[in-house]
Amino acid sequence: MADATDHITTTIGNGADNAPQIALISQYVKDLSFENPNAPAVYQWQDQPQIDVQFNIGADKVGEEVLEVSLKVEVKATAPQGTAFAVELVYAAIFGMRNVPEDQVQPFMLAEAPRLIFPFARRVLADAIRDGGFPPLLLDPIDFGALYLQQAQQMETTAGEPAGHA
């Protein structure tokens with residue numbers, strides 16, 4: 001009689017593992033720059049600075065099944081008296097990918113991977129600004145999936161337009 005603790009196992013026909021897999025291997029600060037060009041006078045300014053935030057996503061293949069995705073965030077705070085602070089952060093992560101369909105690699109690299117690493121980049125940025133003597137800047141969450149779809153639609157629209165008149 002079979003024991004109640006027996007387990008049923010299933011194997012793939014040839015024993016090969018062919019299911020799509022993606023794993024976060026490592027994440028890190030690749031570049032961090034904080035500038036406080038008008039210190040100590042900036043701490044006496046009464047005007048609220050205007051904050052400009054720019055994002056850029058990069059992706060590079062660094063190995064056979066290994067990709068690096070980087071999120072570059074630039075923040076510049078300016079007031080009528082000048083620049084309060086400027087921060088540039090490149091936060092990156094290494095992902096291992098196996099058996100992922102080619103048409104799914106780019107959406108992952110430009111939408112899902114940035115979504116995964118954004119909270120960590122946000123914290124590093126807030127800490128750097130706070131350590132520079134300013135209130136921490138807490139960036140609002142970003143819908144990288146919607147941005148990716150919007151950019152893809154724009155590229156489809158411009159691909160169908162003629163390049164110019166002959």
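Trainee: Which residues does S70 touch, leaving out those up to four places away in sequence?

Mentor: S70 touches N56, I57, G58, V90, Y91 and A92, where contact means heavy atoms within 4.5 Å. Bear in mind that this is a predicted model, where local features need pLDDT of at least 70, side-chain atom pairs count only at pLDDT 80 or more, and totals for chains, interfaces and linings use all residues. Residues are numbered from 1 along each chain as its sequence is written, and side-chain values use heavy atoms, with hydrogens and water left out.

Trainee: Got it. Is S70 buried or exposed?

Mentor: S70 counts as buried because its relative accessibility is 16%. Buried is under 20% relative accessible area, exposed is over 50% and partly exposed is in between, using a 1.4 Å probe and protein chains only.

Trainee: And where does S70 sit?

Mentor: In strand β3, which covers residues 66-79 and also holds E68. Strands (E, at least two residues) and helices (H or I, at least four) are DSSP runs numbered from the N terminus.

Trainee: What about E68, buried or exposed?

Mentor: E68 has 8% relative accessibility, so E68 counts as buried too.

Trainee: Which side chains make polar contacts with the E68 side chain?

Mentor: Y28, at 2.4 Å, and K30, at 2.9 Å. A polar contact is a pair of N or O atoms within 3.5 Å; within protein, one must be able to donate a hydrogen and the other to accept it, and residues adjacent in sequence count only if both atoms are side-chain atoms.

Trainee: Switching topic: in what order do the four strands run in the sheet?

Mentor: The order is β1-β4-β3-β2, an open sheet with antiparallel pairing. Two strands pair if DSSP finds at least two bridges between them. β1 (21-35) and β2 (50-63) are at the edges with a single partner strand each, so one side of each has no neighbour in the sheet. The average twist is 15° from one strand to the next.

Trainee: How many bridges link β3 and β4?

Mentor: 14, and β4 covers residues 82-98. In that pairing, V73 stands opposite L89.

Trainee: Last one: which residues have the most contacts inside the largest nonpolar core?

Mentor: L71, A84, F85, F95, L125 and I129, in a core of 32 residues. Such a core is a set of buried Ala, Val, Leu, Ile, Met, Phe, Trp, Tyr and Cys residues joined through side-chain atoms within 4.5 Å. β3, β4 and α1 each supply at least two of its residues, and α1 gives the most, with 10.

Notes:
Axes fitted to C-alpha atoms, helices over the stretch in contact; angles between N-to-C directions.
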